[in-house]
Amino acid sequence: MKKSIAFFGLLFVAMVTVRGNNIQLSNISNTLINGNIIMQFDLTWENSWRAASTGNWDGAWVFFKFKDTDGKWKPLHFTGNNIMAPAGYTMDVSSKPGSVKTGAFIFRNTLGAGPVALTNLRAGVESIPGTFDVKGFAIEMVYVPQGSFYVGDGTGYADPGSATYADGVSNNPYRITGDGSVTQLGNTAGKLGGGFEQSLSVFLTGFPTGYNAFWMMKYELSQGGYRDFLNTLTYLQQDSLLSIEPNAAIGTRLNTLRGRVEIAVPGNKSTNTPATFGCDYLDNNIFDEAGDGEWISMAELSWSIAAAYLDWSGLRPMTELEFEKACRGPVAAVLNEFAWGTTLIASAGTYNITSGGLTSEAVSNMSNVEGNAIYRTTGPFANMRGGIFATATSSRVTAGAGYYGAMELTGSLAEFAVTTSNISGRSFTGLHGDGNMNANGMADVDFWPGINGNSDITVANATYKGSIGVTQTAGVLTRGGSIDSFNDGFHHLTISKRQAGGISNSGVLGYGIRGVRDAN
């Protein structure tokens, strides 16, 4: 019997996801070699590195979607075979045990720094009979290596509205030395305040403590990345996730803060045709122009939307512990420190934005000494381009960077993290998204916070029951940024500040998205 093989027809130019430093996929094509389907593509991004001092590097998370015969965009799985990358670079098809090969990490394998321009990258993908449209996506990531680190900065109960981690004997930071040590954050070795549950002794197997190596998004999700995500959803999925109807008029806006993601082509409910979205910072109903702000961070997002994006992209939520490691690295904690490792934060006044909406968007009056961050004092009550403080002359401090190079961990948007403070958070097992959401567009990954509509923090999250996905917030909180629309003071932005109480699942102005994925 003749065997059908996949043959891909017209391949769309990459719909690039996070483009904080202009990461781009191009020249996407496919070829058939010895019965195997091989994807070919070029990849470029700026400000890349592999450093001996931190033992880490940056890279790109690359994944593909194909438009199936039912009109839905679905993940195109890698095979792990027929991999080809230029000398000096590695393509690692990520395949955590039990997870599908939804994408690949591409990164330097020798020390170096500077822009990356790779051509004729190749990777084998699954064989699907037929001819399909394909889109490619790329997200800039940073690698956080395996190793011990501290949580908490010594404040203990100093702030009654926030419960920092402590060692249980004094208010000293607690050192995580392996996967098992986090269980000691409970009654016998740790203490928490500010309304958080005291007992932290029970975690499900797989809870990511931060000790093992993982990759983290270098920047918060951009408006261009959010646009690209929405443009792969069905009408029902768009309708379920968004606060506007997909069949609303051209120019109907999704966000109210700086930047604009709008309907470029209205959807049609009767034919189940989804809307097409575009960026329109210039507000002229001409979409995705050079100055339309697609690199500005995307605010006003709910946890349900964040979880859906992470599931779609093959990533997962970070935990509170991973957040602190990404900020602090392996070094000793500093009392009241920010993500760049000092207590100095820019406070001279409102930042002046130049080249607004362009990939070159910058701040003309950033501090040359203190850590730069967007918050109440510096404003201007607005989200900005991801990585805006990293320049040719900036240091880790003035760039506002975490130890391993992730940007805006302090300031800008508040980012969702799985909490250790209640059983719903501690039931998280670290499963990755598989590239698909349910019919309503909701994440459907087992044990993720809020799965099956769980809104009770005293109830463990469970396996997906097959109908209701992540529609509630039990098990998450936010870290690192302003939950009050960039209007919080600096004391809310320290690494170890933990917001007490629950979070809203509406599109709160100060909520953004940053995801992670385990390293192989």
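This is a predicted model: local features need pLDDT of at least 70, side-chain atom pairs count only at pLDDT 80 or more; totals for chains, interfaces and linings use all residues.

User: Which relative accessible area does cysteine 327 have, and is cysteine 327 buried or exposed?

Analyst: Cysteine 327 has a relative accessible area of 0%, so cysteine 327 is buried as well. As for cysteine pairing, a disulfide requires two cysteine sulfur atoms within 2.5 Å, and a search of the whole structure finds zero disulfides.

User: How should I read aromatic pairs, and how many does the structure hold?

Analyst: The general idea is that two rings pair if their centres lie within 6.5 Å, and that they count as stacked when their planes are under 30 degrees apart. The structure holds 23 aromatic pairs. One of them is formed by phenylalanine 63 and phenylalanine 137, which are stacked at 5.2 Å centre to centre with 15° between the planes. This pair links distant parts of the chain, since phenylalanine 63 belongs to strand S3 (residues 56-67) and phenylalanine 137 to strand S8 (residues 134-144), 74 residues apart. Both phenylalanine 63 and phenylalanine 137 are buried.

Phenylalanine 105 and tryptophan 215 also form a stacked pair, with 4.4 Å between the centres and 10° between the planes. Here strand S6 (residues 104-108), which holds phenylalanine 105, is linked to strand S11 (residues 214-217), which holds tryptophan 215, across 110 residues. Phenylalanine 105 and tryptophan 215 are both buried. Ring pairs also join residues into a cluster, whose members include Phe63, Phe137, Phe105, Trp215, Trp57 and Tyr143.

User: Where do charged groups sit over rings, as with arginine 50 and lysine 135?

Analyst: The charged end of arginine 50 sits over the ring of tryptophan 57, 3.5 Å from the ring centre, and tryptophan 57 is itself a member of the cluster. Lysine 135 lies over the face of tryptophan 73, at 4.7 Å from the centre of that ring.

User: What lines the largest cavity, and what is its volume?

Analyst: A cavity is a space where a probe fits but cannot get out. The structure holds one cavity of 30 Å³ or more, and the largest cavity has a volume of about 30 Å³. Its lining consists of Trp303, Ala306, Leu310, Phe416, Gly512, Ile513 and Arg514, which divide into five nonpolar, one polar and one charged. Helix H3 (residues 303-313) gives the most to this lining, with three residues.

Conventions. Residues are numbered from 1 along each chain as its sequence is written. Side-chain values use heavy atoms; hydrogens and water are left out. Rings of Phe, Tyr and Trp (its six-membered ring) pair if their centres lie within 6.5 Å; planes under 30 degrees apart count as stacked, over 60 as edge-to-face and the rest as tilted. Helices (H or I, at least four residues) and strands (E, at least two) are DSSP runs, numbered from the N terminus. Buried means under 20% relative accessible area, exposed over 50%, partly exposed in between (1.4 Å probe, protein chains only). A charge sits over a ring if NZ of Lys or CZ of Arg is within 6 Å of the ring centre and within 35 degrees of the ring normal. On a 1 Å grid over the protein atoms alone, a cavity is a set of points where a 1.4 Å probe fits but cannot get out, and a pocket is an open set with protein on both sides within 12 Å along at least five of seven lines; lining residues have an atom within 4 Å of a point. Grid points are joined across faces, edges and corners, and a volume is the space filled by probe spheres set on the points. Ala, Val, Leu, Ile, Met, Phe, Trp, Tyr, Cys and Pro count as nonpolar, Asp, Glu, Lys and Arg as charged, and the others, Gly among them, as polar.
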